[in-house]
Amino acid sequence: MKRKHLAALLLAGLLVTSIGSAVPTQATTSATETTTETTTETTANASTDSAITLTAPSAPSISLIKGGSKRVKIYWGKVADASGYNIYYSTSKTGTYTKAKTITDVSTVKYVKTGLTQNKTYYFKMTAFTTVNGVTAESAFSSVKSAKTCSVPATSKSAKKYTTKSKFVKSAAYKKYSALSKRSTYSKSFAIPGMKNTNAGGFASKKMIPQGICQAGGYMLISAYDATGYDESVVYVLNRSSHSYITTIVLPSKAKVNNLAYDGKNIWISKGTTIAYFPYSVITSAVTSGNSYYTLKNYTDILTLNTSAGVIAYHDNVLWVGKSDSSSSSTMYGYTIDTIDGKTSLTSTYSMSIPSRTQGVSFDSDGYMYLTRSNATSSSKAGYVSNIRTFKPSLTSPTSTGAVKKGNVLKKIALPPKSEGIAVYGSYLYTLYSGCKYTSCKYPVDRVIATKLTQLR
């Protein structure tokens, strides 16, 4: 009996060893074959001697593919229960595919394959896989998607519509809106870069929509997002004094970057319902690199606040963040900024009401607040508005709850359609417009317009 019992135990051990060694081989085979069935693997748990059933995840779906300069990028949707993804490519749809990358960061939904041949079509497909206790089960392949590599022109520096001052002053916007013609200082105004074309990390975008503007050290920064959703958002870097374009910072995501601000250390970026930041050193690194673009791989941190970040402004160690509501007034919150052990945090300290459709806010050294409101591209459209308002809020005397009264409107000036972010620098207010990117806009402006602050008080 003892010999029979020993033989049974030895047989059981051989079975566990056999099953455990067979699974990786089967999983590898499923990764290289196209199938519509889910692969299920069974392995033994060494501590309990009980079998574990491992089911492969669903096949992923490539949601976007685009060709660039000797590169192709793909985006896909996250797959539930996946431990990672395998990406394959080929020069023929039905040819041999080579593994380009294995991604084990499940939060990643983008991949860029570089080093490709220019003006050539490439085909991509991918799988998702699940790994448990060293055993992997891989899904079926996704559908095949293709893109062709192409040359990408440099980011445009000149104005999109009116290349000279004489052409600009003859424009419909300049003629119709007297506030623009009477109060603007043309010598301080400048063309918005990237409006003809933007080199966004080796990919060409002709649909960048400018949104925010701020002064940071020796530079002027303008944020923009790609209206097609194919390319990442960007920050154009210009020389603060000459307003000449220098380079482009490609941001980590395609989020709509409504506004940005500089607190003396960090650049703050609106990122949908969150706010992100990166250090000023990124700007200097981008400039000194001498490259046409600089890719920011990750933000230093992303924070969720008690409001969406449609509006951002910085003044006197307070970062003001508010929602840009299209139908009703909203609240802008003032956050004090603290850095402890290298970690930056925001504390909600103040609040101030702002009107509907607020697009940009900026403060000057005398405590005046300038606010742009904008909606729609022409007066024939519902809810149209585009103007700038001046206030003198009670910044130094908030209520016990931190509420700051913005006071009455001191001056209101009508502006051309699609006024966006604003920034105070020196004795001027710089107003950004996005009208030149809309065919429905009858009065487009393709420049950042400088206005003497004394003209706005």
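1. Confidence. pLDDT is the predictor's confidence in each residue, from 0 to 100. This model is predicted, and two stretches deserve a caution. Over residues 45–49 the pLDDT stays under 50. For that stretch the model has 2 contacts beyond four places in sequence.

2. The protein chain has an average pLDDT of 90. A score of at least 70 is reached by 89% of the residues. Residues 1–38 have a pLDDT below 50. Beyond near neighbours in sequence, residues 1–38 still make 29 contacts in the model.

3. The largest nonpolar core. This core holds 21 residues. Those touching the most other members are Leu221, Ile249, Leu251, Ile267, Ile269, Phe278 and Ile283. Two or more residues come from each of strands S14 (208–216), S15 (219–226), S16 (234–239), S18 (260–262), S19 (266–271) and S20 (274–279), and from helix H5 (281–289). H5 gives the most, with 3 residues. As background, nonpolar side chains in soluble globular proteins tend to be buried together.

4. Ile283. Look at the contacts of isoleucine 283, leaving aside neighbours within four places in sequence. They are Tyr219, Leu221, Val237, Ile249, Ile267 and Phe278. Among these, Leu221, Ile249, Ile267 and Phe278 are also listed with Ile283 as touching the most other core members.

5. Ile249. Isoleucine 249 lies in strand S17, residues 245–250. Its relative accessibility is 0%, so isoleucine 249 counts as buried; the cut-off is under 20%. Not counting residues up to four places away in sequence, isoleucine 249 touches Ser233, Val234, Val235, Val237, Val282, Ile283, Ala286, Tyr294 and Leu296.

6. Isoleucine 249 and serine 292 are 43 residues apart in sequence. Their C-alpha atoms are 9.0 Å apart in space.

7. How many cavities of 30 Å³ or more does the structure hold? The count is 1. The volume of the largest cavity is about 100 Å³.

8. Cavity lining. The largest cavity is lined by Ala179, Leu180, Arg183, Ile388, Ile413, Leu415, Leu429, Thr431, Tyr433, Ile449, Thr451 and Leu456. Helix H4 (178–183), strand S32 (428–433) and strand S33 (447–452) are the elements that give two or more residues to this lining. By class, the lining residues are 9 nonpolar, 2 polar and 1 charged.

How values were computed:
Residues are numbered from 1 along each chain as its sequence is written. This is a predicted model: local features need pLDDT of at least 70, side-chain atom pairs count only at pLDDT 80 or more; totals for chains, interfaces and linings use all residues. Side-chain values use heavy atoms; hydrogens and water are left out. A nonpolar core is a set of buried Ala, Val, Leu, Ile, Met, Phe, Trp, Tyr and Cys residues joined through side-chain atoms within 4.5 Å. Buried means under 20% relative accessible area, exposed over 50%, partly exposed in between (1.4 Å probe, protein chains only). Helices (H or I, at least four residues) and strands (E, at least two) are DSSP runs, numbered from the N terminus. Contact means heavy atoms within 4.5 Å. On a 1 Å grid over the protein atoms alone, a cavity is a set of points where a 1.4 Å probe fits but cannot get out, and a pocket is an open set with protein on both sides within 12 Å along at least five of seven lines; lining residues have an atom within 4 Å of a point. Grid points are joined across faces, edges and corners, and a volume is the space filled by probe spheres set on the points. Ala, Val, Leu, Ile, Met, Phe, Trp, Tyr, Cys and Pro count as nonpolar, Asp, Glu, Lys and Arg as charged, and the others, Gly among them, as polar.
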